[in-house]
Amino acid sequence: MAQERVLVVVETVGSEARPASLELFGAGRPLADRLGGELVGLVIGSGVQRVAELAGHLGADRVLLADDPALGEPVAARAARAVEAAIAASDPALILLPATTLGRDVAPLLAATFRAAHLVNCVRIEVDDETVTATRPVYQDKLLTTVRAARSQRVFVTVRSGAFAVPEAQPGLQVPIEQLAVSLTDADRAVVVTQLVEKPKGMTNLENAPIVVVGGRGVGSAENFRLVEELAAALDGAVGCTRAVSDLGWRPHYEQIGQTGKNIRPKLYLGVGVSGAVQHTVGMRSSDTIVVINRDPNAPLVKMADFAIVGDLFEIVPRLTKRLRELRGTA
Ligand SMILES: Cc1cc2nc3c(=O)[nH]c(=O)nc-3n(C[C@H](O)[C@H](O)[C@H](O)COP(=O)(O)OP(=O)(O)OC[C@H]3O[C@@H](n4cnc5c(N)ncnc54)[C@H](O)[C@@H]3O)c2cc1C
């Protein structure tokens, strides 16, 4: 086997690349250079020719395009077939996938198929003639661990979002795009996507929002979340929630902060009726300033907060929202 190429797997949504996949070009280029081989981009999706062109602009030496309506649906078995076809076409030593929901499904599936190593959720990757060495956060990011895989076999690596920068696109770079035929079995088509629910447009992106107002079970009902929404709007912030709230169906799961939800580090975190269970605080404790409104002075989040307002949220939140609107001239 040639075993010096690096294959980068680009996931798409509709006709666009998932941003986390584009970061793989930043991760893959130095590895391919170190191995003295090509950086190969594989674009998987439906109607994604433009993404394939972008892969060339981001530094891929060779671009493979698996473009098929059946690949437009995020089904792990189908994406895995596309990566298998790309591996057959390019014989890479190292395969990088984004640590997205789909990437985290596809990589172990392939690693098992190829009986190969899989390094998970990596933030740093190095390679030499013998080994691939990677760094990955563990224990809710409290520690970084170093993991190694021998290069006697292919190595699959999932790369954590945000760990590498997307290289600057150079539209002058023209790389031929090779169409990749992917044959899907009936079993690959057995799982079908029945519905894709889009996040409502115009909503502030929770992970990047500088101000996040998080409502907990203390808010009491889905209807009462109007108070949290109004406070967030008065601050130009985003709305988040605890797992207790998303489990109750008061808010969508994608707003959940914590161990099994999103990690946020806004300038201002404002918790309303949130107790501060450790599974929640691991996802927000890096916030610059933490403010909490809770009627229990002994709630863990009250103790952890920079500022705590101890009292009934149903009295405090409407007054706070009103005052903020007055101060900002939006009353
Ligand atoms: C494996 C696992 C993973 C988990 N992952 C997550 C996760 O990712 N994110 C997450 O958030 N949780 C997670 N949890 C759940 C977590 O343990 C807690 O149960 C949850 O965070 C509690 O949510 P809460 O603070 O909204 O509710 P509660 O703990 O019920 O707290 C409600 C708070 O509201 C206050 N309150 C009530 N009424 C008022 C009022 N009128 N005015 C002011 N304050 C009031 C109360 O004093 C209380 O402090 C996980 C649990 C497990 C086991």
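Domain bounds here come from an automatic or database domain assignment. On that basis the protein chain is divided into domain 1 (5-179) and domain 2 (211-328), and 37 Å separate the centres of the two domains, taken over C-alpha atoms. The structure is a predicted model, in which local features need pLDDT of at least 70, side-chain atom pairs count only at pLDDT 80 or more, and totals for chains, interfaces and linings use all residues. Residues are numbered from 1 along each chain as its sequence is written.

The C-alpha atoms of the protein chain fill a box of roughly 70 × 40 × 40 Å along the principal axes. The secondary structure comprises nine helices and 17 strands; helices (H or I, at least four residues) and strands (E, at least two) are DSSP runs, numbered from the N terminus. Of the 331 residues in the protein chain, 44% are buried. A residue is termed buried if 20 or more other C-beta atoms lie within 10 Å of its own, exposed if 12 or fewer, and partly exposed in between, with C-beta atoms placed from the backbone. Two residues are in contact if their C-beta atoms, likewise placed from the backbone, lie within 7 Å. Among contacts in the protein chain with a separation of 6 or more, 63% are accounted for by residues 24 or more positions apart.

An open sheet of seven strands has parallel pairing and the order β7-β11-β6-β1-β4-β5-β12, where two strands pair if DSSP finds at least two bridges between them. Because β7 (117-122) and β12 (177-179) stand at the edges with a single partner strand each, one side of each is left without a neighbour in the sheet. The twist from one strand to the next averages 20 degrees. β7 runs parallel to β11 (residues 155-159) and is joined to it by four bridges, with Val155 of β11 as the bridge partner of Ala117. Helix α4 (residues 101-114) packs on the sheet and touches β6, β7 and β11, its direction making about 170 degrees with that of β11. Axes are lines fitted to C-alpha atoms, for helices over the stretch in contact, and angles run from 0 to 180 degrees between N-to-C directions. Helix α1 (residues 19-35) lies across β1 (5-10), β4 (39-45), β6 (92-98) and β11, and runs at about 180 degrees to β1.

In helix α2 (residues 49-57), the buried positions are Val51, Ala52, Leu54, Ala55 and Gly56. The elements covering them include β1, β2 (12-13), β3 (16-17), β4, β5 (62-67) and β12. Gly59, which follows α2, has a positive phi near 110 degrees.

A nonpolar core is a set of buried Ala, Val, Leu, Ile, Met, Phe, Trp, Tyr and Cys residues joined through C-beta atoms within 7 Å. The largest such core has 62 residues, and those with the most contacts inside it are Val6, Val8, Leu42, Val43, Val83 and Leu96. α1 gives the most to this core, with seven residues. Leaving aside neighbours within four places in sequence, Val83 is in contact with Val9, Leu42, Ile95, Val106 and Leu110. A second, separate core of 34 residues includes Ala232, Val245, Val274 and Val302.

A further open sheet, of three strands, has antiparallel pairing and the order β8-β9-β10. Its edge strands, β8 (124-127) and β10 (143-150), each pair on one side only, and the twist averages 20 degrees from one strand to the next. Four bridges link β8 and β9 (residues 131-138) in the antiparallel sense; among the residues involved, Glu126 has Thr133 in β9 as its bridge partner.

Strand β16 (289-294) has parallel pairings with two strands described here. With β15 (residues 268-272) the pairing extends over five bridges, and Gly271 stands opposite Val292 in β16. With β17 (residues 307-310) there are four bridges, also in the parallel sense, and Val291 stands opposite Phe307.

The ligand is surrounded by 28 residues, the closest being Gly216, Gly218, Arg243, Gly258 and Ser275. A residue is near a molecule or strand if its C-beta atom, placed from the backbone, lies within 6 Å of it. At least two residues of the shell around the ligand are supplied by each of α6 (243-247), α7 (278-281), β16 and α9 (313-328). The largest share, three residues, comes from α6.
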